[in-house]
Amino acid sequence: MTRNGLRRASVALLAAAGLAAGAAGCGDGQAAVAAGGPPPVTVGLDANTFGSDVAREQGAIRRLGIRDLREQVRWDVVEPHRGRWSFATYDARFATSARDGIRILPLLYGTPRWEARSPDRLPQHAAAWAGFTAQVVARYGPGGTFWRAHPELDSRLAPTTFELWNEPYYERFSVGGVDARRYAKLTAAAARAGRAANPRARFLVSGETRYDAGNGSVRNWVDDLWAAVPDLGSLVDGIAVHPYTLGSPLAITSQARNDFRRVDEIRVAARAKSGRALPLWITEVGWSTCDQRPGCVSEATQAQYTAELFRLLRTRYAGLVTAAYLYGWRSQGGAAAGDREGFFGILRADGSRKPSWNALRQAARDG
């Protein structure tokens, strides 16, 4: 999730530039605001509570005012052996979430060992990946078998939207080599099978601008997705974007792909390919408070940038961004001070609150 090459400038100058760009660059969103039209942005959290004390952590998140969490639903847990399905783990966790009044955005991920050598390797067989997707949406999607088996739970909390894989444009999550065309075909197969299993299910494809295709070759991610599956825009229902920046989300750099305007590049490119506007879902974004500079920020700055993000989404990007899930909930215990990944949480490792906790609570209240 690292982002290189961002230029630093004063916060006041960046904020002014960002607001000016908003006034000039996204008139469709602002017109919708003026007309009182767009729904509020869903304020969510990328929490990874499924790997912890679910009841305790999700109860604390609900008290924060967050009702939407992005959580992994792992294929290697659901089907650890080919053809042998095990849903007990996720049944318990979806039940806990529903009792807390929380809706999950499932991130479908994690290739089982019988399909690939690493859980972070894209599946080899599209049919197997599609079969897993169909099983999950048939069970946990709207009207799914899980909800019918638990009439005491509020079925309105059934997830409608499912995200297909995490950041396949990075080799960290595409072990063995990034392959946009292969990911597109996997996405198409999963979306077709998922919709057949549950017609009310909706699917997100991972969006990015450019990617390293190996051997020093940098290619356009959206171009390669649609080259592989020309009708991809009719199969998916939105684009998952991760617009991490080293500085303020209001910052304007020399290249849009290096700042928050990357979401505009992705949106415009996908619309040109699909012929329709696909909603944007920010399924990860955040700032780390490790002691690296410029890769990390102070706790006070993390809170400032979090507040600026949601203000930006309510103004310039109103009507363009459906939801934004802040990454993340709790910083990692035992992480080295320079470990960027270990300090994205709005809580410290001991559970005490960083200032960004209050910033996210205010964003949830503002809607």
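**Figure 1. Serine 97, a buried residue of helix 5.** At 1% relative accessibility, serine 97 counts as buried (buried means under 20% relative accessible area, exposed over 50% and partly exposed in between, using a 1.4 Å probe and protein chains only). Its place is in helix 5, residues 88–99; helices here are DSSP runs of H or I with at least four residues, strands are runs of E with at least two, and both are numbered from the N terminus. The serine 97 side chain makes a polar contact with the side chain of glutamine 58, at 2.7 Å. (A polar contact is a pair of N or O atoms within 3.5 Å; within protein, one must be able to donate a hydrogen and the other to accept it, and residues adjacent in sequence count only if both atoms are side-chain atoms.) Setting aside residues up to four places away in sequence, serine 97 touches Phe50, Gln58, Ile102 and Ile104, where contact means heavy atoms within 4.5 Å. Please keep in mind for every view that this is a predicted model, in which local features need pLDDT of at least 70, side-chain atom pairs count only at pLDDT 80 or more, and totals for chains, interfaces and linings use all residues. Residues are numbered from 1 along each chain as its sequence is written, and side-chain values use heavy atoms, with hydrogens and water left out.

**Figure 2. The whole protein, for orientation.** The protein has 13 helices and 10 strands. Of its 367 residues, 53% count as buried. Take the contacts between residues at least 6 apart in sequence: 70% of them join residues at least 24 apart.

Figure 3. Valine 73 belongs to strand 2, which covers residues 68–74. With a relative accessibility of 0%, valine 73 counts as buried. Look around this side chain and, not counting residues up to four places away in sequence, you will find valine 73 touching Val78, Tyr90, Phe94, Pro106, Leu107, Leu108, Tyr109, Phe132 and Val136. Threonine 89 is 16 residues from valine 73 in sequence, and the two are 9.8 Å apart in space, C-alpha to C-alpha.

**Figure 4. Helix 6 against helix 8.** The axes of helix 6 (residues 126–140) and helix 8 come within 8 Å and cross at roughly 35 degrees. Axes are lines fitted to C-alpha atoms, for helices over the stretch in contact, and angles run from 0 to 180 degrees between N-to-C directions. Helix 6 passes helix 8 in a right-handed crossing, the term for a near helix turned clockwise from the far one by less than a right angle, with anticlockwise giving left-handed. On the helix 6 side you can pick out Ala126, Trp129, Ala130, Thr133, Ala134, Val137 and Ala138, which meet Leu186, Ala189, Ala190, Ala193, Gly194 and Ala197 of helix 8. This contact of helix 6 with helix 8 has 11 nonpolar, two polar and no charged residues; Ala, Val, Leu, Ile, Met, Phe, Trp, Tyr, Cys and Pro count as nonpolar, Asp, Glu, Lys and Arg as charged, and the others, Gly among them, as polar.

**Figure 5. Threonine 133 within helix 6.** Threonine 133 sits in helix 6 and, at 0% relative accessibility, counts as buried. Leaving aside neighbours within four places in sequence, threonine 133 is in contact with Leu108, Leu164, Ala190, Gly194 and Phe203.

**Figure 6. Helix 8 against helix 9.** Helix 8 (residues 180–197) and helix 9 (residues 221–228) pack at an angle of about 55 degrees, and their axes are 8 Å apart. The two helices are therefore oblique to each other: under 35 degrees counts as roughly parallel, over 145 as roughly antiparallel, 65 to 115 as roughly perpendicular and the rest as oblique. Helix 8 passes helix 9 in a right-handed crossing. Ala180, Arg181, Tyr183, Ala184 and Lys185 of helix 8 make the contact with Trp221, Asp224, Leu225, Ala227 and Ala228 of helix 9. By class, these residues divide into seven nonpolar, no polar and three charged.

**Figure 7. Two residues with positive phi.** Tryptophan 165, although not a glycine, has a positive phi of about 75 degrees. Tryptophan 165 lies in the loop between strand 4 (161–164) and helix 8, and counts as buried at 1% relative accessibility. Asparagine 215 also has a positive phi, near 55 degrees. Look for asparagine 215 in the loop between strand 6 (210–212) and strand 7 (218–220); at 89% relative accessibility, asparagine 215 counts as exposed.

**Figure 8. Two cis peptide bonds.** Arginine 293 and proline 294 are joined by a cis peptide bond, with omega about 5 degrees. Proline 294 is in the loop between strand 9 (280–285) and helix 12 (299–314). The bond from tyrosine 327 to glycine 328 is cis too, with omega near 10 degrees, and glycine 328 is in the loop between strand 10 (321–327) and helix 13 (355–366).
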